[in-house]
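Please walk through this model with me, from the overall fold down to single side chains. Keep the structure open as you read.

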Amino acid sequence: MWLYRSLVLISTGAFVTIQGLWRPAPLGKEQSHELRAQHVTIIGPADSEKYPIQKKFQTAEFLRSIPHLRLRLPLHALLARLRSESEFLLAQYFRDRSFLRVQSPVITSSDCEGAGEVFSLGTRASVSENHGEGALEASFFRKPKYLTVSSQLHLEAYLQEHPKVWTFSPTFRAEKSDTPRHVSEFWMLEVEMRSQKLQEIMDLVEDMIKSLVQGLQQSSFTDELVTMKQSREHSQTEELLDHEFIPTRWARLKEGSWPRITYTQALRMLQDSASLGKSRFVHAPSWESGLQVEHERYIAAMIGQGKPVFVTDYPRAIKPFYMLPSATEENDGAATPETAACFDLLFPEVCEVVGGSLREHRLKMLQASMQTPESGLERISSSARTEGDLSSMPTNGGGNLDWYLDLRRFGSVPHGGFGLGFDRLLCYLTGLRNIKDVVPWPRFPGRCEC
């Protein structure tokens, strides 16, 4: 009778402890075992009428508005464990290969990408005193500062002393793109290493992801994702892909080498497909416009056949200023000024997950690249151009990159690296269609709960 009274008092959302006997389930049950309760204690009661998550259909969009409560749901509990295990496996991977893990700043003075999509930083007092935007000019740091869009520039500072470094940290983009692939705050794994070969960096990326998948499979996460998809108890699991596809997706990642094609080859393939009427693109593929999402999906599907695809040697005009020009075997390894020694790794459906390049390690070449209109940096004075002095050169947001040039002035070394969008990778591995359901605390235009 006491057990019956305890069960009657349990409400949706309550925290309870249950003690009993773990026994094989009777024949005909879906589960293999069941707990035969002998004692139930209500630790934290909950008002079931006010509890937001009821035993009915809950849309993913609604659950995003209560991230502090959706974390207790089975799917998001599984995602939390998956994130934790993935971070451990990645740290172990780099430690075993003598990479040094370092910490990079979240507050920076420059925009690494030169795109201007940064969050400006200011104090509440300065905003009040200066009535808005002007507050940033008289901010806490005397000059405008920003939330980081990438740790790359700061990682490069370690390379004179440490040959291989990496970091894992939050990244912020003020891009107003409310799509299934974008959030304003996400986590990036970034690597810098001494290297003169782009192939070497791509080899590391491929081996790293394959090693991660292997480790997750050994931890039985594939089985948990399949079980989660098969369960119909919680509506948010409907956001997952078909459960039979998840093991196949993971297995394909480990099969053979991933395809590698140049931007020129990819563009030719897209244009041929469009001209023959095999594909219809909203955006016509062209050299100057870069690859749109529809183009990336086509490349991943046609070239990758279920595997990620490396696309290399993009036009320099559409890539950041710090990238080294490409070198080709046909040109005896000489620089090709039209393209950059870079790559994007395209996954099926989620598209770009990793981007990397060799970095321009020569001072004069880097200075020249920073002065081009395509760099995204503000124009400097004519006298500074004449003298080649960029010591006061600002980014388009007002930051200063003189410290970055110092890395070339005082003993530079050939190097390269990459950045991996951790949340996009988890999107692909879990089959979730929206990155906002993978990020525990999603921030995107118009929304920043909790």
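Buried means under 20% relative accessible area, exposed means over 50%, and partly exposed lies in between, with a 1.4 Å probe and protein chains only. By that rule, buried residues make up 46% of the 450 residues in the protein. This is a predicted model, so local features need pLDDT of at least 70, side-chain atom pairs count only at pLDDT 80 or more, and totals for chains, interfaces and linings use all residues. Residues are numbered from 1 along each chain as its sequence is written, and side-chain values use heavy atoms, with hydrogens and water left out.

Start with the whole chain. The protein has 15 helices and 17 strands. These are DSSP runs numbered from the N terminus: helices are H or I with at least four residues, strands are E with at least two. A contact means heavy atoms within 4.5 Å. Among contacts between residues at least 6 apart in sequence, 69% join residues at least 24 apart. The protein exposes about 23000 Å². Carbon and sulfur atoms supply 52% of that area. Accessible areas come from the Shrake-Rupley method with a 1.4 Å probe; for residues, only the protein chains shown count as cover.

Now go to helix α7, which spans residues 198-218. Leucine 212 has its place in this helix. Is leucine 212 buried or exposed? It counts as buried, at 3% relative accessibility. Leucine 212 touches Ser86, Leu89, Leu90 and Leu425, leaving aside residues up to four places away in sequence. Glutamate 85 is 127 residues from leucine 212 in sequence, yet their C-alpha atoms are 9.4 Å apart.

Charged side chains come next. Side chains of opposite charge can pair when their charged atoms come close. A salt bridge here is a side-chain nitrogen of Lys or Arg within 4 Å of a carboxyl oxygen of Asp or Glu. The structure holds 20 of them. One joins arginine 260 to aspartate 203, with the closest N and O atoms 2.7 Å apart. This pair links distant parts of the chain: arginine 260 sits in strand β9 (residues 260-262), aspartate 203 in helix α7, 57 residues apart. Arginine 260 is partly exposed at 29% relative accessible area. Aspartate 203 is partly exposed too, at 42%.

Glutamate 206 and lysine 210 meet at 2.8 Å, N to O. They lie four residues apart, about one turn of the helix. Glutamate 206 is buried at 7% relative accessibility, and lysine 210 is buried at 18%. Asp203, Glu206, Lys210 and Arg260 are linked in a network of salt bridges.

Two other helices pack together. The axes of α12 (residues 363-370) and α14 (residues 402-409) come within 9 Å and cross at roughly 150°. That makes α12 roughly antiparallel to α14. Leu363, Leu366, Gln367 and Met370 of α12 make the contact with Tyr404, Leu405, Arg408 and Arg409 of α14. Axes are lines fitted to C-alpha atoms, for helices over the stretch in contact, and angles run from 0 to 180 degrees between N-to-C directions. Angles under 35 degrees count as roughly parallel, over 145 as roughly antiparallel, 65 to 115 as roughly perpendicular, and the rest as oblique. Arginine 409 also forms a salt bridge with aspartate 402 (3.0 Å, N to O).
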